[in-house]
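The following exercises concern one structural model. Work each task with the structure at hand before reading the solution.

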Amino acid sequence: MITLTDTASKKVKELIDAEGIEGLALRRHGALLVFEGVTGLAEVVDSGVRVDAEVSAELLSTIFFPNTPLHDGAVIVRRSRLLAASCVLPLTDRDLADTQMGTRHRAAIGVTEQSDALVIVVSEETGRISASRNGRIARVDGSRLRSLLSDYYSTLQ
């Protein structure tokens, strides 16, 4: 069993709780978060606005607040740094069976078809949270989200 360092554990809790991803979902603030894997995403980072800041719930909440300049597009996270916002992701060409999944979901699948990234999507329309990896996407609850992010941060140790 892999255990997280205290710092990684706090980061996961912060990113999920009330001001983080779950807070975005409750407020129905659409969001697209790409957690970079081993495959680099330099081209995607270059498509957005450089931020290079410590990733935090407050920063995510500010970026994805509706109608702010950076709220459209994805944020790219490398380790504990938010590299860029308003990034353009490739869209999958596949048909999505779930009609409640839109462009953010297509982008999440698209980037994971081309990389080993983990992508978290918050639907603006439904407030549901989904996760994409390896070209597949599924809705997740808080427990599964915590597990996915814990796995991501445990590989960085």
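The model is a predicted one.

**Exercise 1.** Compare the span of helix α6 with the span expected at 1.5 Å a residue, and identify its buried residues.

*Solution.* Begin with the extent: α6 covers residues 142-154, which gives 13 residues. From the first C-alpha to the last, the helix reaches 18 Å. The expected span is 1.5 Å times one less than the number of residues, and the value of 18 Å found for α6 is close to the 18 Å expected. Next, apply the burial cut-off of under 20% relative accessible area. The buried residues in α6 are G142, L145, L148, L149, S150, Y152, Y153 and S154.

**Exercise 2.** How many cavities of 30 Å³ or more are there, and which residues line the largest cavity?

*Solution.* The count is 1 cavity of 30 Å³ or more. The largest cavity holds about 40 Å³ of space. Its lining consists of R28, H29, G30, F64, P66, H71, R104 and E124. Sorted by class, the lining has 2 nonpolar, 3 polar and 3 charged residues.

**Exercise 3.** Is H71 buried or exposed, and what surrounds H71?

*Solution.* First locate H71: it belongs to the loop between α4 (57-63) and β3 (74-78). Its relative accessible area is 16%, so H71 is buried. Then examine the polar atoms: one in the side chain of H71 lies 2.8 Å from the backbone oxygen of T68. Finally, with neighbours within four places in sequence set aside, H71 is in contact with I63, F64, F65 and P66.

Note on methods:
Residues numbered from 1 in each chain as written. Predicted model: local features only at pLDDT ≥ 70, side-chain atom pairs only at ≥ 80, totals over all residues. Heavy atoms only, no water. Helix = DSSP H or I, 4+ residues; strand = E, 2+ residues; numbered from the N terminus. Buried < 20%, exposed > 50% of the residue type's maximum accessible area, 1.4 Å probe, protein only. 1 Å grid on protein atoms, 1.4 Å probe; cavity = no way out; pocket = protein on both sides within 12 Å on 5 of 7 lines; lining within 4 Å. Points joined across faces, edges and corners; volume = space filled by probe spheres on them. Nonpolar A, V, L, I, M, F, W, Y, C, P; charged D, E, K, R; others polar. Polar contact = N/O pair within 3.5 Å; in protein donor to acceptor, adjacent residues only side chain to side chain. Contact = heavy atoms within 4.5 Å.
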